[in-house]
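Hi everyone, thanks for making time. I'd like to walk you through one model today, so let me put it up on the screen.

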Amino acid sequence: MQTIPVSRAVGTVLCHDITRIEPGGRKGPVFRKGHIVREEDIPVLLSVGKEHLYVYTPLPGQLHENEAATRIGNAVAGRNIAFSDIREGRINFLSTVHGLLRVDVPSLCAVNSCDEIVLATLHTMQEVRKGQAVGGTRVIPLLIEEEKIQHMEELVTSPVLEVLPFRPFRVGIVTTGNEVYTGRIKDAFGPVLKKKFEGLGSSILGQAFSDDSVEMTAGAIRRFIEQGADMVVCTGGMSVDPDDRTPSAIRAAGGEVITYGAPTFPGAMFLLSHINHIPVLGLPGCVMYYRASIFDLVVPRILAGVPVTREDIVALGHGGFCSGCAECRYPACAFGKN
């Protein structure tokens, strides 16, 4: 590769995008790769700080940044990932479905340990929308030795990032508490859960109301399972008060408890269990009041078919504290553990 002064560049072909950064944070290519430099381009090139341009003929064993980025993308991208156009040597990864982004973090680190290769993604295990950018890659130099890309390809034996589509669950809601059952107060949990589940592509099979008795609550849970519910969520009765008996009712219904309690604020009084492989959740009151809570950290995983273990819940403690910032980023905080 050689450099030539811009003043002698008329008629040459740009081998990479030329970037301009404007006040206000705007950044983008002023000239694209392949552009033939004209006399009137010289002042523009000088204005963006380009006093010299590269002229190159790739040698055997070298790859241009665009080809290198394409090969990285082909190596790391898994299911439901599409590529953007290459801009300034970079490819972005776009989700083709509404689902859960899953990143193999150790493999991501292995790729980034390769010399002159960079790969960045959103945090793993978070909800992403169709068309959303979830990551990107490029190489640092304009030309890179092909053996470095080959080394990266040998390291990656399975997808580094993929998006798992949400499955449409039919959800039964069991709302507990004498105060709601007797009509002393109006239920506010049902509408919140309906909106949340429908936003994730699922539907509400029905909502049953129960007093504080273990027998009545357990019976409502079992009936939803008999009706074909894919998930049952119980609201209310999750604290340590003597009248709060929802955890006991879930066990009485046959629930095998994975965890009662989660290291997240809000969401500490969360319960996760299964009855014949049907997830049965005990949701604390924070799910009703907070824009994001333990619900948004666990339920998307279940809907995407990802098993949630006690170890997964324990790991939520890293980043599981809500500091009450003006813009709710609680799920991102918890996902930040990775």
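Let me start with a question: which residues does L193 touch, not counting residues up to four places away in sequence? They are I173, I204, V233, T235, L283, V287 and F295, where contact means heavy atoms within 4.5 Å. L193 sits in helix α6, residues 189-199. Helices here are DSSP runs of H or I with at least four residues, strands are runs of E with at least two, and both are numbered from the N terminus. L193 counts as buried because its relative accessibility is 0%. For the cut-offs, buried is under 20% relative accessible area, exposed is over 50%, and partly exposed is in between, with a 1.4 Å probe and protein chains only. On distance, L193 and R167 are 26 residues apart in sequence and 17 Å apart in space, C-alpha to C-alpha.

Before I go on, some housekeeping. This is a predicted model, so local features need pLDDT of at least 70 and side-chain atom pairs count only at pLDDT 80 or more, while totals for chains, interfaces and linings use all residues. Residues are numbered from 1 along each chain as its sequence is written, and side-chain values use heavy atoms, with hydrogens and water left out.

Okay, the whole chain. We've got 12 helices and 19 strands. The C-alpha trace spans about 85 × 40 × 30 Å along its principal axes. The radius of gyration is 27 Å, whereas a compact globule of 338 residues would be near 20 Å. That radius is taken over C-alpha atoms, and the globule rule is 2.2 Å times the number of residues to the power 0.38. Of the 338 residues, 45% count as buried. If you take contacts between residues at least 6 apart in sequence, 66% of them join residues at least 24 apart.

Surface and charge next. The accessible surface comes to about 16,600 Å², and 52% of that belongs to carbon and sulfur atoms; the areas are Shrake-Rupley with a 1.4 Å probe, and for residues only the protein chains shown count as cover. There are 33 positive and 36 negative charges, and their mean positions are 4 Å apart. Lys and Arg count as positive, Asp and Glu as negative, with His and the chain ends not counted. Each charge is placed at NZ of Lys, CZ of Arg, CG of Asp or CD of Glu.

Now a few local spots. Helix α2, residues 65-76, has 12 residues and reaches 16 Å from its first C-alpha to its last, close to the expected 16 Å at 1.5 Å a residue. That expected span is 1.5 Å times one less than the number of residues. Its buried residues include A68, A69, I72 and V76, but also E65 and R71.

In the loop between α2 and β6 (81-83) you'll find N80. N80 isn't a glycine, yet its phi is positive, about 60°. With a relative accessible area of 26%, N80 is partly exposed. M125 is another one: phi near 60°, again positive in a residue other than glycine. M125 is in the loop between β9 (117-121) and β10 (126-128), and at 13% relative accessibility it counts as buried.

What about prolines? The peptide bond from F265 to P266 is cis, with omega near 10°, and P266 is in the loop between β17 (256-260) and β18 (271-275). P279 lies in strand β19, residues 278-283, and is buried at 6% relative accessibility. Leaving out residues up to four places away in sequence, P279 touches F169, D230, M231, V232, S273, H274 and I302.

Last stop, D115, in the loop between α3 (105-112) and β9. Is D115 buried or partly exposed? Partly exposed, at a relative accessible area of 48%. D115 and M152 are 37 residues apart in sequence but 9.2 Å apart in space, C-alpha to C-alpha.
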